[in-house]
Amino acid sequence: MSDHPVDLDKRRGMAAQKATDLRRALAEVEAHVRELREREAELETRMMTVPSASWPEAAVKARHLLNLYAASLPAEDTRHRALVAALFDDFARLNGEG
């Protein structure tokens, strides 16, 4: 008996190795998505419970909300997408970023 573990991945055929790699990659992506959703929920809870102390802080909250809104827009709704982009430009200009 050997003290070295056997790497079963090397004993599988190419198709099985690719399928295993895909499953592992998918599991990793799903874990990252779950973590991101949890972090986003925590952020939104903080945004709802902590009042903004300044206009720039309020703009951060508005920017997040506008990003959520823009993500839900259909691709052909160019007018609302342009309006959101113009508002982001206004935020940057008024905040001295642009």
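The following legends describe several views of one predicted model.

In this predicted model, local features need pLDDT of at least 70 and side-chain atom pairs count only at pLDDT 80 or more, while totals for chains, interfaces and linings use all residues. Residues are numbered from 1 along each chain as its sequence is written, and side-chain values use heavy atoms, with hydrogens and water left out.

**View 1. The protein chain holds three helices and zero strands.** Helices (H or I, at least four residues) and strands (E, at least two) are DSSP runs, numbered from the N terminus. Along the sequence the pattern is α-α-α. The radius of gyration, taken over C-alpha atoms, is 23 Å, well over the 13 Å that the globule rule (2.2 Å times the number of residues to the power 0.38) gives for 98 residues, so the chain is more spread out than a compact globule.

**View 2. Helices α2 (residues 55-72) and α3 (residues 78-94) cross at roughly 160°.** Their axes, which are lines fitted to C-alpha atoms over the stretch in contact, with angles from 0 to 180 degrees between N-to-C directions, come within 11 Å. The two helices are therefore roughly antiparallel (angles over 145 degrees) to each other. Contact (heavy atoms within 4.5 Å) involves residues including Ala59, Leu66 and Tyr69 of α2 and His80, Val84 and Phe91 of α3.

**View 3. Trp55 lies in helix α2.**

Conventions: Parallel < 35°, antiparallel > 145°, perpendicular 65-115°, else oblique.
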